[in-house]
Each structure stands twice: as C-alpha cells, then as structure tokens.
Amino acid sequence: MVRFRCDESVPPEDHAELWTVYASVFGDYSDYQTWREAVWDKHSVREGFRLARAYDVDVLVGFAYGYTGEAGQWWTDNVRRVLEPDVAETWLGGHFELVSIGVSHAARHRGVGRGLMHVILEGLPHERLLLMTSSDPSDPARRLYASEGWHVLGPGIGAETVIMGHRLERAGHNSIPTHRHMG
C-alpha cells in the first residue's frame, strides 16, 4: 500500500532521494548537483513551499511540489508574457504553482499521481492554482489534471505546452471563470 506525506520543508538528507525519482521521470538535468543548483535549492526555499511524497513500503515512488508564485519569479514572469492580459491579471500573483508531479514508471497507473495532487493541495491557503503541462489532451498527466477540474487558460511557455488553472472553492468566495478554454 502506498502512503503519502506532505512537508513544508525538506531536510538536506532527503534531497538525493528526490533526485533519484526526479531523474528517472524527467531526465532534464545531467546530474544531481546541476539539478540542485539550477532548480531545487531555489524552489525549496520559496514562500509557501510544499512537498508531497509517496512511498511504497519505504521506497519513494513519487513526489509533487510547489510554492507561492509571485512576480519576479522566472515562471510567473514568463507565463504573464504568454497568457492573454486579462487572464494573467486574474490568475497570476499569490497563486500556488504546482511545479512538478513525478511518479516512477513502476508505480504508474495505481493512483499515485492523483494521491500526490490531493495531498499537496489539501488545506492550501491559496485560492488560485496553476501548472504547465502538455498541450496534448491525451497525455496522461493532462487527463489527470482535467479530471480534477483543472482548465486550460492559454498557451504554455514552451512548444506543445499549456497553462492550466484551478480554483479551490472557499466558503464565501465566488469562482471566477477561466475566460477561455483551449484544446
């Protein structure tokens, strides 16, 4: 049985464990040190940081992480350039940016990704959630997000990507429509 946990900080001794899963899923950095310096060390200290982990027995099989997105951060600033101005104004700044969900190949198709998403979003103080994913509607990650109520807000930063948003319902708050939906 897979067990989940969510933390707001990560001790240094856990970084290598995350790298193992990250590298097997994404493969976009050549080595641990490069990934740490380019991504992890910056992201893990941002306001609102959260890390959800999934373990099968005592083996890490998946993770998800994010933080509060604000102006002046690379992703938020670049998303502002590609979204329609009214959409960017409505969604960006103070949002929760779901940066990555990664599940090892052996643990896929067992609800681990969905479980990670639920755990990381549980009790979030943010109302607006954003992520970037494949523009292919048949992509498994994209299908997962859509099944959880995420909607396409506009094009992504890179080729064949889209920005998706989701609003957490709060008592006394009205949901703002996503303005437009694409593919």
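A crossing of two helices is called left-handed if the near helix is turned anticlockwise from the far one by less than a right angle, and right-handed if clockwise; by that convention, helix 5 and helix 6 cross in a right-handed sense. The model is predicted, so that local features need pLDDT of at least 70 and side-chain atom pairs count only at pLDDT 80 or more, while totals for chains, interfaces and linings use all residues. Residues are numbered from 1 along each chain as its sequence is written, and side-chain values use heavy atoms, with hydrogens and water left out.

**Helix 5 and helix 6**
- Helices (H or I, at least four residues) and strands (E, at least two) are DSSP runs, numbered from the N terminus.
- The axes of helix 5 (residues 112-121) and helix 6 (residues 140-147) come within 11 Å and cross at roughly 45 degrees.
- The two helices are therefore oblique to each other, since angles under 35 degrees count as roughly parallel, over 145 as roughly antiparallel, 65 to 115 as roughly perpendicular and the rest as oblique.
- Gly 113, Arg 114 and Met 117 of helix 5 are in contact with Leu 144, Tyr 145 and Ser 147 of helix 6, contact meaning heavy atoms within 4.5 Å.

**Salt bridges**
- The whole structure holds nine salt bridges, each defined as a side-chain nitrogen of Lys or Arg within 4 Å of a carboxyl oxygen of Asp or Glu.
- Arg 114 is joined to Glu 148 by a salt bridge whose closest N and O atoms are 2.3 Å apart; the pair links distant parts of the chain, with Arg 114 in helix 5 and Glu 148 in the loop between helix 6 and strand 6 (151-155), 34 residues apart.
- Salt bridges that share partners join Arg 5, Asp 7, Asp 14, Glu 17 and Arg 53 into one network.
- Within it, Glu 17 pairs with Arg 53 at 3.8 Å between the closest N and O atoms, and because Glu 17 lies in helix 1 (residues 15-25) and Arg 53 in strand 2 (residues 50-56), this pair ties together parts that are 36 residues apart in sequence.
- Arg 53 has a relative accessible area of 0% and is buried (under 20%, against over 50% for exposed and in between for partly exposed, with a 1.4 Å probe and protein chains only), whereas Glu 17, at 26%, is partly exposed.

**Glu 97**
- Glu 97 sits in strand 4 (residues 95-103) and is buried yet has no salt bridge, the nearest side chain of opposite charge being that of Arg 46, 5.5 Å away.
- Leaving aside neighbours within four places in sequence, Glu 97 has contacts that include Tyr 65, Tyr 67, Trp 75 and Leu 130.

Methods
Lys, Arg positive; Asp, Glu negative; His and termini not counted. Axes fitted to C-alpha atoms, helices over the stretch in contact; angles between N-to-C directions.
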